[in-house]
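Please read the following note alongside the sequence and the coordinates.

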Amino acid sequence: MTKMSCTIEQNPDKSLEIISVRLYDTHEKDEKVHNAVEQAIDQMPPEFNVTLYYNPIIQGEWAFHIIRPKTQNPEEKSNSGLCLAEILRGIGVVSHALFCPHPLNRNEPGE
């Protein structure tokens, strides 16, 4: 039987910012979130990759994943991420976290 495993992507040159928001008012949620995204995305550098997720169980809960180049100071959130978080604070409760890559050493089966 062949063991299946996930793919582990390690990129030491990238950082991940996760900005989650739980909206105060879940009515018109799509419009509010999309307006906030449009305001912030237009100002983001082209090397940033942004993905928007929604929670299918909790209405009005969204998460933005921003994959970006690691900066000179890896402990700093990006100006673009800070801007998006500030815009989202106008429509909900926001959490903004920064994650830096950490090497994951895996032994292959039999090693």
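How many salt bridges does the structure hold? The structure holds three, a salt bridge being a side-chain nitrogen of Lys or Arg within 4 Å of a carboxyl oxygen of Asp or Glu.

1. This is a predicted model, in which local features need pLDDT of at least 70 and side-chain atom pairs count only at pLDDT 80 or more, while totals for chains, interfaces and linings use all residues. Residues are numbered from 1 along each chain as its sequence is written, and side-chain values use heavy atoms, with hydrogens and water left out.

2. The side chains of E17 and R68 form a salt bridge at 2.6 Å, N to O. This pair links distant parts of the chain, since E17 lies in strand β1 (residues 14–23) and R68 in strand β3 (residues 61–69), 51 residues apart; helices (H or I, at least four residues) and strands (E, at least two) are DSSP runs, numbered from the N terminus. E17 is buried, with a relative accessible area of 0%, and R68 is also buried, at 1%, where buried means under 20% relative accessible area, exposed over 50% and partly exposed in between (1.4 Å probe, protein chains only).

3. R22 and E61 meet in a salt bridge at 3.1 Å, N to O, and this pair likewise links strand β1 to strand β3, 39 residues apart. R22 is partly exposed at 42%, as is E61 at 21%.

4. E86 is exposed at 52%, whereas R89 is partly exposed at 40%.

5. A search of the whole structure finds zero disulfides, meaning pairs of cysteine sulfur atoms within 2.5 Å. C83 is partly exposed at 26%, and C100 is partly exposed at 37%.
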